[in-house]
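Subject: Structure handover

Hello,

I am passing on the structure we spoke about, for you to open alongside this message. My notes on what was found follow below it.

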Amino acid sequence: MGNDTVPNRRWSGYVDSDEQSERIRAEPDGSVQADYHRMYDKCTCPGCKNLPPLSQELNDVLGEQSNWKLALAQLNIAYYGPSLGLSAFTGMWMSVSGNFSWLNVPVQLSWAFWFVTLTVFALTTLAYIGRAYMSVSLLKRDFFCNRLVNFFFSPLIVSTGLAANAPVFLRNDTLSEIVFYCLLAYQLGLSLYVYGDWLFGKNFSLKWVSPTQQMSIIGNFLVASYGASLGETEGPQLMFFVGLLFWIIVVVALFTRLSESFKSMHENPNPTLALFIAPPAAAAVAWLLINVASGSETPHDAVVSFFFFVDFYFYLMVIRLTRSFARQPFAVAFWAVIFPTSTAASSATAVAFGMDNLFWEVIATIFIIAACLAFLYVTVMTVLNLVNGQFVADPGSLGAYALSKQENSNKSSASRTTRSTVSTEVTGGGGGSGQVFVELV
């Protein structure tokens with residue numbers, strides 16, 4: 001883009017395939033264009049493959065747009081990351097206030113985070129709706145991207161967290177039942193589409209894998225937890241067992257193909273690896289609540305222990321891999337750490353409460369501290385990036401936006417040309433019959 005589009009502005013590069021971020025600065029000679037071309041060419045999602053290269057003509061189209069439109073165009077569905085992290089962080093404090101009485105954490109703390117989460121979620125949703133209204137092609141591009149489609153489970157995950165952790169003075173039994181079945185329908189519909197494409201579709205495939213593919217699994221377990229907390233049994237069991245089946249499939253695919261995917265796209269491991277922690281942690285809580293709803297005399301059974309111990313092992317594995325992505329420049333992908341660490345802390349507090357074991361209470365406390373430190377770091381870095389005017393550059397979205405504006409401009413020009421060249425020419429002498437000639441261009 002020209003200097004009129006990026007006026008001495010720093011961009012935090014975040015390409016569509018979870019690649020490590022890279023800082024891009026607009027140089028006086030306009031050499032930032034080369035960086036955008038290079039980043040754009042690295043995009044491997046189907047939605048980007050269908051886009052033309054960022055030609056000079058498309059760059060000129062982008063140069064005509066205002067800065068706020070360019071920023072909004074790059075606000076892809078992955079920007080629900082902060083809402084996801086806040087919702088899990090809220091749930092962690094709700095679990096701590098109920099299960100760890102010796103910490104003496106007031107429930108009002110979780111209520112405060114609940115309102116913060118609701119605010120961020122509402123603002124993000126309004127911004128994304130505005131982006132879709134500005135250009136429908138941007139919405140289509142997100143949905144047909146093999147990675148970004150997984151973030152369409154984000155509104156469901158955040159909504160489930162808000163519903164499950166709502167302050168008591170806002171809860172209503174009838175409304176809660178309605179919300180549960182709406183969330184169940186959303187999860188079923190979207191997961192059927194995504195999972196079906198894994199088998200026979202052309203848009204999504206497990207040939208290319210990403211840790212973000214676990215988000216659909218997380219949605220199953222969280223909806224099961226919420227339904228079980230309302231006393232439901234069949235619906236939560238449906239969600240739980242479907243989630244369990246595809247969790248096994250996704251974990252096997254990730255362990256066998258993730259390294260190859262990283263190498264093929266010239267990427268390093270990134271913070272989304274922390275998502276390995278979230279599914280077993282959410283599954284442990286879900287099965288615990290299903291046992292309670294079913295009237296089991298031993299809610300903390302072997303199944304709960306299985307998921308919790310697997311979660312504990314994945315937590316250690318992610319700690320081992322932390323060095324591989326800890327030195328990367330900060331980007332919105334770092335919010336992927338908050339959700340799983342907070343979910344693991346919630347699971348640990350619930351399980352440790354049932355086990356009544358000092359060792360696991362200590363582990364749960366360590367998980368809580370780790371989640372708080374991660375949340376503090378990511379929040380501070382996010383604020384600093386916003387204050388310093390750093391944005392996430394999504395060249396694929398810029399290309400889709402430029403193409404849509406160019407097509408709209410061509411259509412508008414063609415329409416104006418048509419109207420201006422529709423001419424009526426009457427031939428013949430006075431009083432004679434006329435012949436109308438209409439030229440359509």
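**Notes on the model**

Tyr-401 is found in helix H16, which covers residues 395–421. Please keep in mind that this is a predicted model. Is Tyr-401 buried or exposed? Its relative accessibility is 0%, so Tyr-401 counts as buried, the limit for that being under 20%. Along the chain, Tyr-401 and Lys-69 are 332 residues apart, yet 9.6 Å separates their C-alpha atoms.

**The chain as a whole**

The protein chain has 16 helices and three strands. Of its 441 residues, 52% are buried. Looking at contacts with a separation of 6 or more, 77% are between residues 24 or more positions apart.

**Thr-90**

A second residue to look at is Thr-90, which lies in helix H5 (residues 81–99). Thr-90 has a relative accessible area of 2% and is therefore buried. Leaving aside residues up to four places away in sequence, Thr-90 touches Ser-110, Phe-113, Trp-114, Thr-117 and Asn-165. Thr-90 and Ala-166 are 76 residues apart in sequence, and from C-alpha to C-alpha they are 9.6 Å apart in space.

**The nonpolar cores**

Which residues have the most contacts inside the largest nonpolar core? They are Met-92, Trp-93, Ile-157, Phe-240, Phe-276 and Phe-339, in a core of 99 residues. Apart from that core lies another, made of nine residues, including Leu-70, Leu-75, Leu-398 and Ala-400.

Take H8 and H10 to begin with. Helix H8 spans residues 154–164 and helix H10 spans residues 215–229; their axes are 9 Å apart and the packing angle is about 25°. H8 and H10 are therefore roughly parallel to each other, as angles under 35 degrees count as such. Their crossing is left-handed. On the H8 side the contact involves Ser-154, Leu-156, Ile-157, Thr-160, Ala-163 and Ala-164, which meet Met-215, Ile-218, Gly-219, Leu-222, Val-223 and Tyr-226 in H10. Sorted by class, the contact of H8 with H10 has nine nonpolar residues, three polar ones and no charged ones. Ile-157, listed in this contact, is also one of the residues with the most contacts inside the largest core.

Next come H12 and H13. Helix H12 (residues 278–293) packs with helix H13 (residues 302–326) at an angle of about 165°, and the axes are 8 Å apart. H12 and H13 are therefore roughly antiparallel to each other, since angles over 145 degrees are classed that way. H12 passes H13 in a left-handed crossing. From H12 the contact takes in Pro-280, Ala-281, Ala-283, Ala-284, Trp-287, Leu-288 and Asn-291, while H13 supplies Val-303, Val-304, Phe-307, Phe-308, Val-310, Asp-311 and Phe-314. The contact of H12 with H13 divides by class into twelve nonpolar, one polar and one charged.

That leaves H6 and H7. How do the axes of helix H6 (residues 107–134) and helix H7 (residues 136–143) cross? They cross at roughly 115° and come within 4 Å, which makes H6 roughly perpendicular to H7. Tyr-128, Arg-131, Ala-132 and Met-134 in H6 meet Val-136, Leu-138, Leu-139 and Asp-142 in H7. By class, six residues of the contact of H6 with H7 are nonpolar, none are polar and two are charged.

Regards

Methods
Residues are numbered from 1 along each chain as its sequence is written. This is a predicted model: local features need pLDDT of at least 70, side-chain atom pairs count only at pLDDT 80 or more; totals for chains, interfaces and linings use all residues. Side-chain values use heavy atoms; hydrogens and water are left out. A nonpolar core is a set of buried Ala, Val, Leu, Ile, Met, Phe, Trp, Tyr and Cys residues joined through side-chain atoms within 4.5 Å. Buried means under 20% relative accessible area, exposed over 50%, partly exposed in between (1.4 Å probe, protein chains only). Axes are lines fitted to C-alpha atoms, for helices over the stretch in contact, and angles run from 0 to 180 degrees between N-to-C directions. Helices (H or I, at least four residues) and strands (E, at least two) are DSSP runs, numbered from the N terminus. Angles under 35 degrees count as roughly parallel, over 145 as roughly antiparallel, 65 to 115 as roughly perpendicular and the rest as oblique. A crossing is left-handed if the near helix is turned anticlockwise from the far one by less than a right angle, and right-handed if clockwise. Contact means heavy atoms within 4.5 Å. Ala, Val, Leu, Ile, Met, Phe, Trp, Tyr, Cys and Pro count as nonpolar, Asp, Glu, Lys and Arg as charged, and the others, Gly among them, as polar.
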